[in-house]
Amino acid sequence: MDDPGPGRLAPAEPELTATERAGERAAKNATARAVGEIVGKLASLALFAVLAREVGQSELGAFVFALAWVQIAAIPITLGLDRYILRLVAKDRSRIQEVYWNVLAFKLTLAVPMTIASFLLVSALGYGGDTRTAVYILT
């Protein structure tokens, strides 16, 4: 901006509207999420590179299987509840504590039987010791 000169005040920046503030907040959040995703992907790449060198093909295969198993087993636990929280809190921020604890309790209620079922199923299907151990640890 141009210097207003001695003794003169610079014009004040216009106040942002609620929509503009929300847009700026959304842009910052999207940037933070994108950076987090990139860091996560690079960390995963590094993890798999190290695992492949250190443990070998068979053990890496067991680890990848366990990751896939856990992701599938977690589907009934999540049930879209994260989006539900976002919708409710976006409508009424004062409900965040209530909604958060209710959803957490619901997820834990689902997680216990799903974890037991996962353990039983991976054992019943006859997977080897390394694979079962990986599933047990990651679940």
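**Salt bridges and core**

Analyst: Let's start with Glu98, which is partly exposed at 44% relative accessibility; that label covers values between buried (under 20% relative accessible area) and exposed (over 50%), with a 1.4 Å probe and protein chains only. Keep in mind that this is a predicted model, where local features need pLDDT of at least 70, side-chain atom pairs count only at pLDDT 80 or more, and totals for chains, interfaces and linings use all residues. Residues are numbered from 1 along each chain as its sequence is written, and side-chain values use heavy atoms, leaving out hydrogens and water.

User: Which residue forms a salt bridge with Glu98?

Analyst: Arg95, with the closest N and O atoms 3.5 Å apart. A salt bridge here is a side-chain nitrogen of Lys or Arg within 4 Å of a carboxyl oxygen of Asp or Glu.

User: How many salt bridges by this rule?

Analyst: Two. Asp82 and Lys107 also pair up, at 2.8 Å from N to O. That pair links distant parts of the chain, with Asp82 in helix H2 and Lys107 in helix H3, 25 residues apart. Helices are DSSP runs (H or I, at least four residues), numbered from the N terminus.

User: Is Lys107 buried or exposed?

Analyst: Lys107 counts as buried because its relative accessibility is 18%.

User: OK, the core. Which residues are in the largest one?

Analyst: Leu81, Ile85, Leu88, Val89, Val99 and Val103. A nonpolar core means buried Ala, Val, Leu, Ile, Met, Phe, Trp, Tyr and Cys residues joined through side-chain atoms within 4.5 Å. H2 gives the most to this core, four residues.

Terms used:
Helices (H or I, at least four residues) and strands (E, at least two) are DSSP runs, numbered from the N terminus.
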